[in-house]
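Here is a short report for a first look. Have the sequence and the model at hand as you read.

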Amino acid sequence: YTYSQRDLFKANFRELMLMFYQLDKLVESEMADLSQHFRNNNIEMHMFASQWFLTIFTAKFPLCFVYRVMDMFLCDGRRVLIAIALGLLKTARKDLLLLDFEGILNYFRVSLPKKLSTDVECNRLFLMLKNFKVTDVRLKKLEKDYPSCLEQQTQLEDPVARLEREKKQLRDTVLRLEEENGSLAQEVVESKADLFSQIDKTPATSMYRPQLHPCTDPSYIHLEEIIDTLSKENKAFKTTAEATHALIKDLKEELQQSKDDYQKVVVKLTEDLQQRDLCVTEYKRLLQDLDGRHQKQLEEMDQELLQANAKLGSSQSSSVGQEASPEAVAKELRARDLEMELAQTKLELVSEQCKNQELQNQLADLQNKLAEQQTGKNKKK
């Protein structure tokens, strides 16, 4: 409890993820080129540092290195783990910059532990740790920044992608628990078989066989309790995975329904716009025809007026002038009627253009509302 190491195994592994975040920011600060190389190759801290932090570097590294790690951990606590991880990355920096994704993971798994198999390399690493300023103040500051970073990642992440990722994590956890459950069950069976075999080979202890039965041995009872616990966790994870899968299916159906509704509205508005465009085109054609007819009639009337004026000028009889004058007045009235008809057609064209513009504005508003509604649904989910 003093070192809070058990907190790394609690629900959602929040403390462990915090250590990954702190290590990532320290690497970015101290070794920017290595941090960029990790990003280029899609390498994340949990891919190699989870085993370091959870086992306090006891899983793969030689004992000469582990002894010193344990001494420092007991003296200074958890921050030593981050400092040692930073020192390991600093030691392997030049080699890591030359490797790709598979090479980097293989280096952490095989090459790096072998590199620290001698006391000389261990001494060099622990002397290097003095150059890193991994203080409690610096780690506390990163810890305060961690919630805001999580919130930003959640806002940027698509809900369907997030659920798919959680579903994959749950599936992997279920598989891992099933494997652990199977291995523990196999271990219990083999241990029971070995114990019975040893008892059978030892005649002097045959009379005490009931006291040595594995079912009454506390260690085996503890193993069976662990198996029961893992089985329950396995069932719980399966239930959660099924619920997550159902939620993803509902979200996909809802998204598809929204897309279908949006497509229908867009198709309807597009058809209305096409109809309006056809009406506008027809009005323009009628307007051009009326314009042409009006111009032609005006030209004919001008010619007739010129001819009438010529007749009036050459004729001496007033009766001829009186006959021509009513004809000119009738033509002038006909020209005014055509001008009025042309003006009315232009007004109708302007009205149709306004209606067309209004439909376009309604389409744009509908698209904006649908986009806002979709954004609101994503934020809510």
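## Terms and model

Buried means under 20% relative accessible area, exposed means over 50%, and partly exposed lies in between (1.4 Å probe, protein chains only). This is a predicted model: local features need pLDDT of at least 70, side-chain atom pairs count only at pLDDT 80 or more, and totals for chains, interfaces and linings use all residues. Residues are numbered from 1 along each chain as its sequence is written, and side-chain values use heavy atoms, with hydrogens and water left out.

## Cysteines

C149 has 18% relative accessibility, so C149 counts as buried. C75 has 63%, so C75 counts as exposed. The structure holds zero disulfides (pairs of cysteine sulfur atoms within 2.5 Å).

Helices are DSSP runs (H or I, at least four residues), numbered from the N terminus. Helix 2 spans residues 32-40, and its buried residues are L34, S35, H37 and F38. Seen down the axis, these fall within an arc of 160 degrees, so they line one face of helix 2. The arc is that of the directions from the helix axis to the C-beta atoms. The buried residues of helix 2 pack against helices 1, 3, 5, 6 and 7; contact means heavy atoms within 4.5 Å. Just after helix 2, N42 takes a positive phi of about 60 degrees.

In helix 3, the buried residues are F48, A49, W52 and F53. Their arc is only 120 degrees, which puts them on the same side of helix 3. They pack against helices 1, 2, 5 and 7. Just after helix 3, I56 takes a positive phi of about 55 degrees.

## Salt bridges

Side chains of opposite charge can pair when their charged atoms come close. A salt bridge is a side-chain nitrogen of Lys or Arg within 4 Å of a carboxyl oxygen of Asp or Glu. The whole structure has 14 salt bridges.

One of them joins K238 and E178, with the closest N and O atoms 3.2 Å apart. K238 lies in helix 11 (residues 218-314) and E178 in helix 10 (residues 159-201), so the pair ties together parts that are 60 residues apart in sequence. Another joins K140 and E143 at 3.9 Å, N to O. Both lie in helix 9 (residues 136-156), three residues apart, about one turn of the helix. K140 is exposed, at 53%, and E143 is partly exposed, at 29%. E282 and R285 also meet in a salt bridge, at 2.3 Å, N to O. R14, E15 and R78 are linked in a network of salt bridges.

Conventions: Helices (H or I, at least four residues) and strands (E, at least two) are DSSP runs, numbered from the N terminus.
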